Structure formats: structure tokens, C-alpha cells
Amino acid sequence: MKQGVQGSAGTPAAARVPAQQRPAADRAPGRERDAAVPDAARGEHTHGERPAPGPRAVVQRSSVRGQILDALRTALVTGELKPGEVYSAPVLGERFGVSATPVREAMQQLALEGAVEVVPNRGFRVVERGTRELAELAEVRALIEVPVMLRLARTVPAERWAELRPLAQETVRAAASACPAAYAESDRAFHRALLGLSGNGQLVRIAEDLHRRSQWPPVRRGRAELLADAAEHLALLDALAAGDLDGVRRLVGGHFAGAG
């Protein structure tokens, strides 16, 4: 099995994490988290030692993990992490210039999101989804979101929909760039904002999880297809503002069928 992420220079499209932004414990590949944890935090005796002078250093591991998670998501959407391939945390850590620990933590989050699966003693395999599974995801999204959209079309005033137009226009700009990662992010942001008007946080989280799953592995679409998909966002806002229930039902159903 191939190990690592292949790119133009052997590094994923999301750039290597700058060294000055990485905690000291992560600057040496393979260094484990324990090296940065004080003895007392590991339950070891300090024998009443006084704390070292000077300000307490704050190790922002969550920041590094977040950067790695964003980079891995980008690599997934662009197809640099290939479906069916197994990737180990140490090898990916070397390519990002960090230890295996934040990579492993980010991969575990991706496993919760259904993008990868754990392969014991080897690493993480990028999930493979066939046409049927993608169609099932689209159907579930429609079952959840169409009724919500129809209810919102009856209850939300037109000016609230106008407030979301900049997000819809951002999806058009992202589509014009033909960057799948940028479009995927803007697409989720638009749908998240739409459903956010329902006031149901659980609904928003579940819908976004389904949306992410439907984007991995990426469906190859050209610039024209992305622009057509983004144009549906603007048309949907018009239909919602006008209270056009038939138009909302048609647009949302067709949008999901096109994996938007």
C-alpha cells in the first residue's frame, strides 16, 4: 500500500505548517506528546520542586491539530488522499513537519466524520463510497432538509433571506476559481446558514455531517458544473424569499441529486 500524500512536491496542497507556529514538542517528527507534558501532569513525583522562573509557556496543541485537520480535509476534497489508500500518522507527520500525535488526533476526528477508517497497526484508510452510497446520502439529506426549507419559506421574512445572499455569491466566486476545496467549504457554509434559521442546532450538526460525508471522496466536476451548482443557491434564495414552495422543493431536491 502506498504511504504518504502525493503532491507536486510530496506535500499536500494545504501548505506545511510553519515551524514558528508549531509547539516545541511537535517540531521534531516522531516526538510523542508525553515529552511536552510536565511530570506532575503524568502523575510523577516532583518532590516539592519549585516552578521554573519566568512566564508559563502555553503550548497551543489544539492550534496545530486544527491546522493539520484543515490540511487533511483539503487533501481529501482535492483527492490527494486517495480513496482506499492507507496512510500512517508518522509518515504524514514527517510531510507536515510535525510529530505523529496531532496527525493521529486529526485523523481520529476524520474517522468520526466518516472520511477515514482505522486500520489497526497500520494507520487510516480513506473511505471508498460507491454511487449507491452517495445516492443514499443525497436522499437522506433531502428527507431532512426539504421539509425544513418548506417550513422556513412559510415563516422567514424576505429580508432574512437577503442577508444570506453574500454567502450564495461567495459560492459562485469559489466555483469560478474551480478549486474543489474552496467550493466545498463555501457550499457547506451556505447550507449551514440556511438551516441555522431553523434555530435547531442538532439539525444543523446532523445535516453538516451528512454534507461532509457526501463530499468525500470528491465527485469530479468542472468549472461549468460548479458554477451551475452555485447558481442554484441564488435561485433557491429567490424561491424562499418569494414563498414559492414548488420552486423550493424542486431546487433542493435537484441540488442534492447533483451532490451540491
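Good morning, colleagues. Please keep in mind that the model is predicted.

I begin with helix α4, residues 131–155, and helix α8, residues 201–215. Their axes come within 10 Å and cross at roughly 155 degrees. Angles over 145 degrees count as roughly antiparallel, and α4 and α8 are therefore roughly antiparallel to each other. The crossing of this pair is left-handed. On the α4 side, the contact is made by Leu134, Leu137, Val140, Arg141, Ile144, Glu145 and Val148. On the α8 side, the residues are Leu203, Ile206, Ala207, Leu210, His211, Arg213 and Ser214. By class, this contact has 9 nonpolar, 2 polar and 3 charged residues.

Next, consider α4 with α7, the latter spanning residues 180–196. Their axes lie 10 Å apart, at an angle of about 55 degrees. The two helices are therefore oblique to each other, and α4 passes α7 in a left-handed crossing. From α4, Arg141, Glu145, Val148, Met149 and Leu152 meet His191, Leu194 and Leu195 of α7. These residues divide into 5 nonpolar, 1 polar and 2 charged.

Tyr183, Asp187, Phe190, His191 and Leu194 of α7 make the contact with Leu226, Asp229, Ala230, His233, Leu236, Leu237 and Leu240 of α9. In terms of class, one finds 8 nonpolar, 2 polar and 2 charged residues.

I turn now to the cavity. How many cavities of 30 Å³ or more does the structure hold? There is 1, and the volume of the largest cavity is about 50 Å³. Which helices each supply at least two residues of its lining? They are α4, α7 and α8. The lining consists of Arg141, Glu145, Arg188, His191, Arg192, Leu195, Val204, Ala207, Glu208 and His211. By class, this lining has 3 nonpolar, 2 polar and 5 charged residues.

Arg141 and Glu145 of α4 take part in the contact with α8, in the contact with α7 and in the cavity lining. His191 of α7 meets α4, belongs to the contact with α9 and also lines the cavity. From α8, Ala207 and His211 contribute to the contact with α4 and to the lining.

Thank you for your attention.

Conventions. Residues are numbered from 1 along each chain as its sequence is written. This is a predicted model: local features need pLDDT of at least 70, side-chain atom pairs count only at pLDDT 80 or more; totals for chains, interfaces and linings use all residues. Side-chain values use heavy atoms; hydrogens and water are left out. Axes are lines fitted to C-alpha atoms, for helices over the stretch in contact, and angles run from 0 to 180 degrees between N-to-C directions. Helices (H or I, at least four residues) and strands (E, at least two) are DSSP runs, numbered from the N terminus. Angles under 35 degrees count as roughly parallel, over 145 as roughly antiparallel, 65 to 115 as roughly perpendicular and the rest as oblique. A crossing is left-handed if the near helix is turned anticlockwise from the far one by less than a right angle, and right-handed if clockwise. Contact means heavy atoms within 4.5 Å. Ala, Val, Leu, Ile, Met, Phe, Trp, Tyr, Cys and Pro count as nonpolar, Asp, Glu, Lys and Arg as charged, and the others, Gly among them, as polar. On a 1 Å grid over the protein atoms alone, a cavity is a set of points where a 1.4 Å probe fits but cannot get out, and a pocket is an open set with protein on both sides within 12 Å along at least five of seven lines; lining residues have an atom within 4 Å of a point. Grid points are joined across faces, edges and corners, and a volume is the space filled by probe spheres set on the points.
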